[in-house]
Amino acid sequence: MVLDSASDWSRRRYSYAIVLALAGVGAAFPGAAWALLGPPLAVGMVVLGVAHGACDQLVLPAGQPRGPGAGGWRYWLGFLLGYLGLASLVGALWWAWPAATVGGFFLLTVWHWGSADAPAGPRPPAWLWLAHSCLRGLLLFAMPLWGWPAQTAGVVNGLLAFTGAPTVPAAALATAAAALGAVVVAGHLALWGRWAYHRQWARLRTELGEVLVLALLLLALPPQLSVAVYFIFWHSLQHVLRLTGWLGYAPAPGRPRPAADLVPRLAFFLRQAAPLLLLSCAALLLLGRLLAPHLPNGGAWFSLALVVASIVTLPHALLVTLVMDAPRWRAAPRAR
């Protein structure tokens with residue numbers, strides 16, 4: 001099986017353009033970066049960041065449209081109980097073991113962003129997909145640790161302090177950054193060498209281009225901004241565009257190029273996501289209003305956003321890995 005690399009490229013070019021543009025603006029005007037990037041990030045957080053998980057309930061029925069009970073009340077009851085059960089479990093872990101949960105959240109994010117956001121292509125062996133996914137996710141953490149050590153330490157320790165856990169000394173973070181950097185560099189060189197050895201030049205070019213774009217983003221902007229830009233305009237946008245095809249979107253007649261229908265795709269997705277998106281926004285506004293007296297600064301608000309995101313990341317990541325990404329790790333059926 002070959003994944004749709006042509007349409008994958010047409011989708012991903014949007015992220016390349018937006019990420020480079022925002023990184024360029026932030027780098028050119030560092031003193032005004034928050035003011036300049038704030039409006040697009042605020043809008044993007046609603047229509048992409050929050051919305052990208054608002055169709056999770058449709059993933060299983062779309063993947064098994066003819067399965068028994070797909071979309072029936074039993075499915076909806078089971079989905080609701082399973083999804084909310086996993087989210088409640090994460091909330092309980094934050095309450096009981098905040099320090100361990102911070103580490104677990106970072107590891108889950110490494111996996112989810114690395115595996116879900118890797119470019120499509122010919123299906124590799126499962127172990128290679130696993131290695132590539134981990135390396136891509138680790139890259140997203142290693143770059144800020146190397147380029148913005150003090151600011152990244154502030155984000156990590158701010159989250160730990162917010163949840164009541166002890167903070168990490170700067171020396172320990174510096175050691176972790178050095179070790180993580182060595183793993184990321186050595187792993188990528190080995191991966192790229194393998195692709196070059198097997199003459200997978202298109203895949204190698206795509207990988208090198210994406211690593212360059214990500215490096216420019218993660219080194220040009222401080223970690224809070226670069227993480228927000230990545231989450232919204234790379235991770236969330238790519239998930240939304242990928243999910244439109246999963247949910248049955250078909251380009252209108254006369255639109256032969258997938259790159260020509262960004263707005264119709266987003267409109268299609270937002271119609272599907274609207275009920276849960278509106279409910280999620282209302283819940284977030286209520287939560288923010290209730291907690292506002294206890295959030296003294298922007299760092300506390302950012303830590304709250306990470307905790308809230310982590311609560312739904314586990315069920316969302318499981319759906320993506322076990323259902324949408326199944327062709328990337330499941331063994332291909334043997335020809336009879």
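User: Is Leu 159 buried or exposed, and why?

Analyst: A residue is called buried under 20% relative accessible area, exposed over 50%, and partly exposed in between, with a 1.4 Å probe and protein chains only. Leu 159 counts as buried because its relative accessibility is 0%. Please note that this is a predicted model, in which local features need pLDDT of at least 70, side-chain atom pairs count only at pLDDT 80 or more, and totals for chains, interfaces and linings use all residues. Residues are numbered from 1 along each chain as its sequence is written, and side-chain values use heavy atoms, with hydrogens and water left out.

User: Which residues does Leu 159 touch?

Analyst: Contact means heavy atoms within 4.5 Å. Not counting residues up to four places away in sequence, Leu 159 touches Trp 94, Val 102, Phe 106, Ser 303, Leu 306 and Val 307. The C-alpha atoms of Leu 159 and Ala 305 are separated by 9.9 Å, although the two are 146 residues apart along the chain.

User: Where does Leu 159 lie?

Analyst: Helices are DSSP runs (H or I, at least four residues), numbered from the N terminus. Leu 159 lies in helix 7, which covers residues 149-162. The buried residues of helix 7 include Val 155, Val 156 and Leu 160. Among the elements that cover them are helix 4 (73-96) and helix 12 (298-324).

User: How many salt bridges does the structure hold?

Analyst: A salt bridge is a side-chain nitrogen of Lys or Arg within 4 Å of a carboxyl oxygen of Asp or Glu. The structure holds 5 of them. In one, the side chains of Glu 210 and Arg 12 meet at 2.6 Å, N to O. Glu 210 lies in helix 9 and Arg 12 in helix 1 (residues 5-28), so the pair ties together parts that are 198 residues apart in sequence. Both Glu 210 and Arg 12 are buried.

User: Which residues are linked in a network of salt bridges?

Analyst: The network links Arg 12, Arg 136, Glu 207 and Glu 210. Within it, the closest N and O atoms of Arg 136 and Glu 207 are 3.2 Å apart.

Notes: Helix = DSSP H or I, 4+ residues; strand = E, 2+ residues; numbered from the N terminus. Expected span 1.5 Å × (residues − 1).
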